[in-house]
Amino acid sequence: MPTIANMLQQYAEHNDLLNFEGVRKTIIPGVYFHRASKSSPRQPLIYNSGIILVGQGHKIIHFPDHQIKYGAGDYLVLGVPVPLECEAFTDNGLPVMGVVIDINPATLHKLVNQMGEHTPFTSGQMSGVQSAKIDGAMEQVTHRLLSALNSPLEADIFGEDIIKELVYRVLCGPQGHTLIGLAMHDGHYARIARTLSTMHKSYADQITVEGLAEEVNMSVSSFHRAFKQVTFESPLQYLKKVRLAKAKELIINNGSKANEAALKVGYTSPSQFSREFKRHFNKTPSEVIPQLQS
């Protein structure tokens, strides 16, 4: 049986992606192919929620008090979008490759409800980022997914069912509680997930911790504690990182000036924005364009 790395290489060859860099949509909605030919230094970014299956290479995610290392043969589960610092490494000169799968909320809730009718769930660690080893069942469904990506017919007929099984396998695995907590509407994890959705949609608005806590019917102290458990950040630090990431996108992709980007993401002081941008990215707004173009 070919390895996941072999199948990713075949996918790259089949779709003329041997020189591709970055993340690309596949023919199955919600599934993305990732490839990087070179190692990348530690840098801040925002990981979106989803399941990341790694076939080749490895990465290290840095948090204030710990690290998560994951690589070939691992999968990463993210129940919520999380700002973090990450560095990537190629192994033996081979590119980093993997697939990213969005988690459809309707599919997740249906699976959790069905599973709960058979076996009651127990509460687990509340965290927004977890990794685990790809076991035999997960490897088999990953093989079927990668095979279907090379066939429009199979992708159309089996794609949705393969993704459903993959999410099921994650729910059954050691990090399943991350997604189970996401599906529990009244739990703290699900409430924080709703808060993060609000923050990512309305990051440019005036946002207060008190207002966020009130929206999910939590006390400020409980909200603050739960928020940090899930994201490893305080609410205001998280909001600042989201705003800075969005501003960087505006500068790089839209050619916005620093002051213009600052106002669009919710900063009222351009000088404060420039200071925090430099501290976060270790580059001034004017320096990130040549950095990324190179």
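Student: In which order do the strands of the open sheet of four strands lie?
Tutor: This is a predicted model, in which local features need pLDDT of at least 70 and side-chain atom pairs count only at pLDDT 80 or more, while totals for chains, interfaces and linings use all residues. Residues are numbered from 1 along each chain as its sequence is written, and side-chain values use heavy atoms, leaving out hydrogens and water. Helices (H or I, at least four residues) and strands (E, at least two) are DSSP runs numbered from the N terminus, and two strands pair if DSSP finds at least two bridges between them. With antiparallel pairing, the open sheet has the order S3-S8-S5-S6.

Student: Which strands are the edge strands of that sheet?
Tutor: Look for strands that pair on one side only. They are strand S3 (40-47) and strand S6 (67-71).

Student: By what angle are neighbouring strands of this sheet turned against each other on average?
Tutor: Axes are lines fitted to C-alpha atoms (for helices, over the stretch in contact), and angles run from 0 to 180 degrees between N-to-C directions. With direction ignored, the average for neighbouring strands here is 25°.

Student: Which residue of S6 stands opposite Lys 59?
Tutor: Strand S5 (residues 58-62) runs antiparallel to S6, and five bridges join the two. Opposite Lys 59 stands Tyr 70.

Student: Which residues have the most contacts inside the largest nonpolar core?
Tutor: A nonpolar core is a set of buried Ala, Val, Leu, Ile, Met, Phe, Trp, Tyr and Cys residues joined through side-chain atoms within 4.5 Å; buried means under 20% relative accessible area, exposed over 50%, and partly exposed in between, with a 1.4 Å probe and protein chains only. The largest core has 74 residues, and its largest share, seven residues, comes from helix H4 (residues 152-172). Apart from this core lies another of twelve residues, including Ala 247 and Phe 281. Inside the largest core, the residues with the most contacts are Ile 61 and Val 129.

Student: Why is helix H5 (residues 176-183) described as largely enclosed by the rest of the structure?
Tutor: Its cover includes strand S7 (74-78), helix H2 (105-118), strand S10 (129-133), H4 and helix H6 (188-201), where contact means heavy atoms within 4.5 Å. Among the buried residues of H5 are Thr 178, Leu 179 and Ile 180. H5 is largely enclosed because its buried residues number seven of the eight.

Student: What angle does the direction of H4 make with that of S4?
Tutor: Start with the open sheet of six strands, whose order is S1-S2-S9-S4-S7-S10. Within it, strand S4 (residues 50-56) and S7 pair in the antiparallel sense over four bridges, with Ile 52 opposite Leu 76. H4 packs on this sheet, touching S2, S4, S7 and strand S9 (96-101). The direction of H4 makes with that of S4 an angle of about 90°.

Student: Which residue takes a positive phi in the hairpin of S1 and S2?
Tutor: S1 and strand S2 (residues 31-36) run antiparallel, joined by four bridges, and Arg 24 stands opposite Phe 33. Five residues lie between the strands of this hairpin, and the one with a positive phi, near 85°, is Gly 30.

Student: With which residues is Phe 20 in contact, leaving aside its neighbours within four places in sequence?
Tutor: Phe 20 lies in the loop between helix H1 (4-14) and strand S1 (22-25). Leaving those neighbours aside, its contacts are Phe 33 and Arg 35.

Student: What kind of aromatic pair do Tyr 267 and Phe 273 form?
Tutor: Rings of Phe, Tyr and Trp (its six-membered ring) pair if their centres lie within 6.5 Å; planes under 30 degrees apart count as stacked, over 60 as edge-to-face and the rest as tilted. The whole structure has seven aromatic pairs, one of them the tilted pair of Phe 223 and Phe 227, at 5.7 Å centre to centre and 50° between the planes. Tyr 267 and Phe 273 are both buried. With 5.3 Å between centres and 70° between planes, their pair is edge-to-face.

Student: How many disulfides does the structure hold?
Tutor: A disulfide is a pair of cysteine sulfur atoms within 2.5 Å. Cys 86 counts as buried because its relative accessibility is 5%, whereas Cys 172, at 46%, counts as partly exposed. The number of disulfides is zero.
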